[in-house]
Amino acid sequence: MIATLDTAAAATPVMLQTAAEARHRRWCNVRRVLLVRLDGVSGVLGSTASFAAIHETMPWSQSTLLTAPEAAGLRPHLQAIDDLLTFNAPWTAEGAAALGAEPATMRGDAEMHLLRKLRRSHFDAAVLFSATPGGALPAALLCRMAGIPLTLAHVREPAHGLLSDELLDDGLIQDDTRRQLALVAHVGMSTTDERPRLRLLPKDSHHIRSALQQAGLGFGQRYVLVCPGGGVGRTSTPAAFAAAIEVLLRTWADDTAVVLCPMPGDESALPALRAAMPSRGQVLPDVGSLGELAALIADARLLIATDDLPLTIAAAVRVPAVVPEDTSRRDLILS
């Protein structure tokens, strides 16, 4: 459970409600808000429901997303974002690796450049999304140096002057989308649809449907999409994926095909998977963009994956998704 850092532990419900109303009133004066999510594509997608909550609660505001360069390709697919900035954050593994390739004489230049840009933008508020409670504090320091008056983030302990509003995270909420929704709810932002959001582009859908037919899929034929590759904390062998496919095809007992789309870097898993799986498998040409992957998932009957990226996209495009070990769930496989 997530608890607030209101000072008096024995505060009455009326006092807590008054404090919540005061926070909400302050945030409702916001016109320009900076949304910070620096840990990659999956993290940004997991925060899109919270982006929508801010937009729906304050439709008059303009939102700018500050994210890692690898997530810049999401820009056409984000519905509640007006502008996007990229930054290699040195407190993330990917950002540190990118900055580590620069000459030592340039150390700190990226941070100073971002700081000047944030100052010129005159943001009224910043919401700092992160995967861990302490992950937002470096960004909080940048926001303070940029003069942003309202800042909100999860914390493990009080951040004192770094944040204007903070939410104590005790680690009990594991789902990232729910964690970020709880964060914005702390300042009165909410949405009626708490699922991730992603805009599909017609050109991506057209390309994928053509690619499916070229790969041998019949026009309008239903398929289960398999994205082999290990996710953080979740790995499955080719044999486990093949067993899951066998369960699905036996349960459906129709002409549903199997489409394989390995995640980047996991293409080596394909030969073993194809050798173990039923003969109805189809291998697609390379998926060239995040939008095409989203379109591929959107048309699937069901997704089997372990990586966070396709699983989050499936939630955004409203497609049932399972990890290989969950194909016994009849509520999904009988859809």
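Begin by colouring the chain by pLDDT, for which the mean is 87, with 89% of the residues at 70 or more. Select strand E5, residues 125-128, where confidence is highest at a mean of 98, and then strand E1, residues 2-4, where confidence is lowest at a mean of 50. Where pLDDT is low, the predicted coordinates should not be read in detail.

Next, select Val-127, Leu-225 and Ile-313, the residues that touch the most other members of the largest nonpolar core, which holds 58 residues. Centre the view on Val-127 and show what surrounds this side chain: leaving aside neighbours within four places in sequence, Val-127 is in contact with Trp-27, Val-33, Leu-34, Leu-35, Val-36, Ile-54, Leu-152, Leu-183 and Val-184. A separate, second core has 24 residues, and Leu-66, Phe-123, Ala-126 and Ala-140 are among them. In soluble globular proteins, nonpolar side chains tend to be buried together.

Now go to helix H4, residues 109-121, and pick out Ser-121. Is Ser-121 buried or exposed? With a relative accessible area of 18%, Ser-121 counts as buried, and its side chain reaches the backbone oxygen of Lys-117 at 2.9 Å.

Then select helix H8, which has 15 residues and spans 21 Å from first C-alpha to last, close to the 21 Å expected at 1.5 Å a residue. Show the side chains of Phe-241, Ala-242, Ala-244, Ile-245, Leu-248, Leu-249 and Trp-252, which are the buried residues of H8. If you turn the view to look down the axis of H8, these buried residues fall within an arc of 160°, so they line one face of the helix.

Although Ala-253 is not a glycine, its phi is positive, at about 55°, and the residue is exposed, with a relative accessible area of 63%. Most residues other than glycine have a negative phi.

For the last stop, select Arg-318, in the loop between helix H11 (308-316) and strand E12 (321-322). With a relative accessible area of 37%, Arg-318 is partly exposed, whereas Ala-253 is exposed.

Conventions
Residues are numbered from 1 along each chain as its sequence is written. This is a predicted model: local features need pLDDT of at least 70, side-chain atom pairs count only at pLDDT 80 or more; totals for chains, interfaces and linings use all residues. Side-chain values use heavy atoms; hydrogens and water are left out. A nonpolar core is a set of buried Ala, Val, Leu, Ile, Met, Phe, Trp, Tyr and Cys residues joined through side-chain atoms within 4.5 Å. Buried means under 20% relative accessible area, exposed over 50%, partly exposed in between (1.4 Å probe, protein chains only). Contact means heavy atoms within 4.5 Å. Helices (H or I, at least four residues) and strands (E, at least two) are DSSP runs, numbered from the N terminus. A polar contact is a pair of N or O atoms within 3.5 Å; within protein, one must be able to donate a hydrogen and the other to accept it, and residues adjacent in sequence count only if both atoms are side-chain atoms. pLDDT is the predictor's confidence in each residue, from 0 to 100. The expected span of a helix is 1.5 Å times one less than its number of residues. The arc is that of the directions from the helix axis to the C-beta atoms.
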